[in-house]
Amino acid sequence: MKLWIRNSDTDFERRITPLQQLNKIGINYQVSLFTKRDDLYPLPGGGNKARKLYYILSKAKKDGYNAVVTTGSNQSNHLRATAINAAVLGWKTILIVHDTKPEKIEGNLKITFLTGAELRFVEKSDVKIAMGNAMDNLRNDGLNPLYIEGGGHCLEGSLAYYEAVNELKVQLGNIKPDYIVMASGTGATQAGIEIGVSQFFPKCKVLGMSVARNQKRGKEAIIQSMIKLNNYLGNSVIVQDDIFFDDTKMGKGYEYTFPELIETIKWAAQTEGLILDPTYTGKAFYGLKRYIEEGLIPKRSNVVFWHTGGLLNLIASNEL
Ligand SMILES: *Cc1c(COP(=O)(O)O)cnc(C)c1O
């Protein structure tokens, strides 16, 4: 078995994350509880953006791109994952940050700066124009820049998660999950998991926990991504409208915490050494906990909590 990772990938090298059983919480709640540790995806800071961006940029390299433009906030996991992967490839990178530059450079932003990417801080309303200008600048330098939407929201991002479900299937062996639970933002991750599940675990239900969007908008985005992915895969599977996207476990919204969330994060760390963050994974795990307590996830179910990362968001948070 090969244990090393080549530094400049031209081909997709399989990068696998561990599957871990959470015995103490599982026994306590009478479910078989597993966690797919994408927080340990092999890139500093890990997480679902690391999985997406490795996939997106590896494919872009094959397609002849050699520079990149994208956007996000100061503590964006997406910007950090883009910047590191682009540095590995030696690409010129312009990042449009829709935030004011903070006095204290910390968390994701610290790593993003460290890669040498060019950061341009703009007003939210100027993002589109700034991205267009960045594309022009790179083209004027004779480069062929790739334009990535915020959050790595694109077909390749969903494709990475479609393939990750197959990875999970191999790891689970004979065990069939009844539920997969994860944090859902732009929906690209959930869309990939939905299509993967429909193919590899047809009886399993995917439970997306919104971190920001209301149910209507969130579902629409997931379905759009699913349609694109299905077309790409040549699947005849009909995209069903019963996408599950719960917008009641995020408190007042993306940047807000609430006492039960903080309690859940402490409880997970203390009982299992499971480290969650207040922006994404803590909300998803809080939802999972509530579902088991309320019987929405019945006893003896096989449950996979897809850990999507967020460690650097926790580090940058003042709430814990
Ligand atoms: C971005 C992000 C998500 C949400 O992923 P989407 O594909 O946008 O739905 C979940 N967890 C973490 C830690 C993230 O950074």
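1. Rings of Phe, Tyr and Trp (its six-membered ring) count as a pair if their centres lie within 6.5 Å. By this criterion the structure, which is a predicted model, holds nine aromatic pairs.

2. One of these pairs joins tyrosine 162 and phenylalanine 200, whose rings are tilted, with 5.8 Å from centre to centre and 40 degrees between the planes. Tyrosine 162 belongs to helix H6 (residues 155–172) and phenylalanine 200 to helix H7 (residues 188–200), so the contact ties together parts that are 38 residues apart in sequence. Tyrosine 162 counts as buried at 10% relative accessibility, and phenylalanine 200 is buried at 15%.

3. Another tilted pair is formed by tryptophan 267 and phenylalanine 285, at 6.0 Å centre to centre and 40 degrees between the planes. This pair links helix H9 (residues 259–272), which holds tryptophan 267, with helix H10 (residues 281–294), which holds phenylalanine 285; the two residues are 18 apart. Both residues are buried. Ring pairs also bring Tyr29 and Phe305 into a cluster with Trp267 and Phe285.

4. Strand S10 (residues 302–307) has six of its six residues buried, so the strand is largely enclosed by the rest of the structure. Asn302, Val304 and Trp306 point one way from S10, while Val303, Phe305 and His307 point the other way.

5. S10 pairs in the parallel sense with strand S2 (residues 32–37) over six bridges, and arginine 37 stands opposite histidine 307. S10 also pairs in the parallel sense with strand S7 (residues 179–184), over three bridges; here isoleucine 180 has valine 304 as its bridge partner.

6. Charged side chains also meet rings. Arginine 15 lies over the face of tyrosine 54, 3.9 Å from the ring centre, and the charged end of lysine 49 sits over the ring of tyrosine 280, 5.6 Å from its centre.

Conventions
Residues numbered from 1 in each chain as written. Predicted model: local features only at pLDDT ≥ 70, side-chain atom pairs only at ≥ 80, totals over all residues. Heavy atoms only, no water. Buried < 20%, exposed > 50% of the residue type's maximum accessible area, 1.4 Å probe, protein only. Helix = DSSP H or I, 4+ residues; strand = E, 2+ residues; numbered from the N terminus. Pairing = 2+ DSSP bridges. Phe/Tyr/Trp six-rings, centres within 6.5 Å; stacked < 30°, edge-to-face > 60°. Lys NZ or Arg CZ within 6 Å of the ring centre and 35° of its normal.
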